[in-house]
Amino acid sequence: MYGIFANFDPPKSKQHHMAHTELLLTRHGETEENKQDIMQGHIPGRLSEKGIQQAQQLGELLKDREIDAIVCSDLARSYDTAKIIGEVKGLTPRPTSLLREIDWGKHTGGRLSSIDWKNLPEGCETLEHLSERAKAFILWIKQEYPGKCVLAVGHGAIDRAILAFLEGKSATEMADMPIMKNTSFVCLNI
């Protein structure tokens, strides 16, 4: 869906007058749970051998790119991906709960392919709440890293919510957007 170094400039109404932050948004490497179609939500997740290789490859791809900081979800699959990339870049990842995956609540562990994104089961984090978290993440990044280049290692749903927020889309419209593939990334100026 997103090519390497795809550029996205938010609508002019969303831009602020402070220094732009460059955000490289990616998704964690493949997990054992991804391979089994499991809704991971807030469980840690374990990178598969392929997921470890994906993180190493992304680290090598970004080796010569100037990156000031790496932030990631505080869930293991995201942190472990960020740590592998950070070893190549000489950076220690900074975890934040703002980048956590959607909370599936009592449905955690179920089949992801069974989900109707426009009618999430009761007890899950709502798309509206996920969108609010995405907005809070963008505001946090802009405040913490003005004028910097930041790599953010997130998850399928929160990354989609971040992109939807930056594109001015509603929570419902977010449900129609594709989910990023593991370790694919997009370059955003926020």
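**Helices, cores and loops in a predicted model**

Biologist: Which residues of helix 5 are buried?

Modeller: In this predicted model, the buried residues of helix 5 are Gly156, Ala157, Ile158, Asp159, Arg160, Ala161, Ile162, Leu163, Ala164 and Leu166. Since 10 of the 11 residues of helix 5 are buried, this helix is largely enclosed by the rest of the structure.

Biologist: And what follows helix 5?

Modeller: Gly168 follows helix 5, and its phi is positive, near 75°.

Biologist: Turning to the largest nonpolar core, which members touch the most others?

Modeller: The largest nonpolar core has 36 residues, and those touching the most other members are Leu23, Val71, Trp117, Phe137, Ile141, Ile162 and Leu188. Two or more residues each come from strand 2 (22-27), strand 3 (69-73), helix 4 (127-144), strand 5 (149-154), helix 5 (156-166), helix 6 (171-174) and strand 6 (185-189). Apart from this core lies another, of 13 residues, including Leu62, Ala82, Ile85 and Val153.

Biologist: What does Trp117 touch, beyond residues up to four places away in sequence?

Modeller: Trp117 touches Ile102, Trp104, Leu112, Leu127, Ala157, Arg160, Ala175 and Ile179.

Biologist: What is Leu120 in contact with, leaving aside neighbours within four places in sequence?

Modeller: Leu120 is in contact with Ile102, Trp104, Ile115, Glu125 and Leu127. Trp104 is 16 residues away along the chain, with a C-alpha separation of 9.0 Å from Leu120.

Biologist: Now helix 3. How many residues does it have, and how far does it reach?

Modeller: Helix 3 (residues 76-89) has 14 residues and reaches 19 Å from its first C-alpha to its last, close to the 20 Å expected. Gly90 follows helix 3, with a positive phi near 70°.

Biologist: Which residues of helix 3 are buried, and what do they pack against?

Modeller: Arg77, Ser78, Thr81, Ala82, Ile84, Ile85, Gly86 and Lys89 are the buried residues of helix 3. They pack against helix 2 (49-61), strand 3 and strand 5.

Biologist: How do helix 2 and helix 3 cross?

Modeller: The axes of helix 2 and helix 3 come within 8 Å and cross at roughly 35°, and the crossing is right-handed.

Biologist: Which residues make that contact?

Modeller: Helix 2 contributes Ile52, Ala55, Gln56, Leu58, Gly59 and Glu60, while helix 3 contributes Thr81, Ile84, Ile85 and Val88. The residues of this contact divide into 6 nonpolar, 3 polar and 1 charged.

Biologist: Where do Asp37 and Thr183 lie?

Modeller: Asp37 lies in the loop between helix 1 (32-35) and helix 2, and Thr183 in the loop between helix 6 and strand 6.

Biologist: Is Thr183 buried or exposed, and what about Asp37?

Modeller: Thr183 has 12% relative accessibility and so counts as buried. Asp37 is partly exposed, with a relative accessible area of 24%.

Key. Residues numbered from 1 in each chain as written. Predicted model: local features only at pLDDT ≥ 70, side-chain atom pairs only at ≥ 80, totals over all residues. Heavy atoms only, no water. Core = buried A, V, L, I, M, F, W, Y, C linked by side-chain atoms within 4.5 Å. Buried < 20%, exposed > 50% of the residue type's maximum accessible area, 1.4 Å probe, protein only. Helix = DSSP H or I, 4+ residues; strand = E, 2+ residues; numbered from the N terminus. Contact = heavy atoms within 4.5 Å. Expected span 1.5 Å × (residues − 1). Axes fitted to C-alpha atoms, helices over the stretch in contact; angles between N-to-C directions. Left-handed = near helix turned anticlockwise from the far one by under 90°. Nonpolar A, V, L, I, M, F, W, Y, C, P; charged D, E, K, R; others polar.
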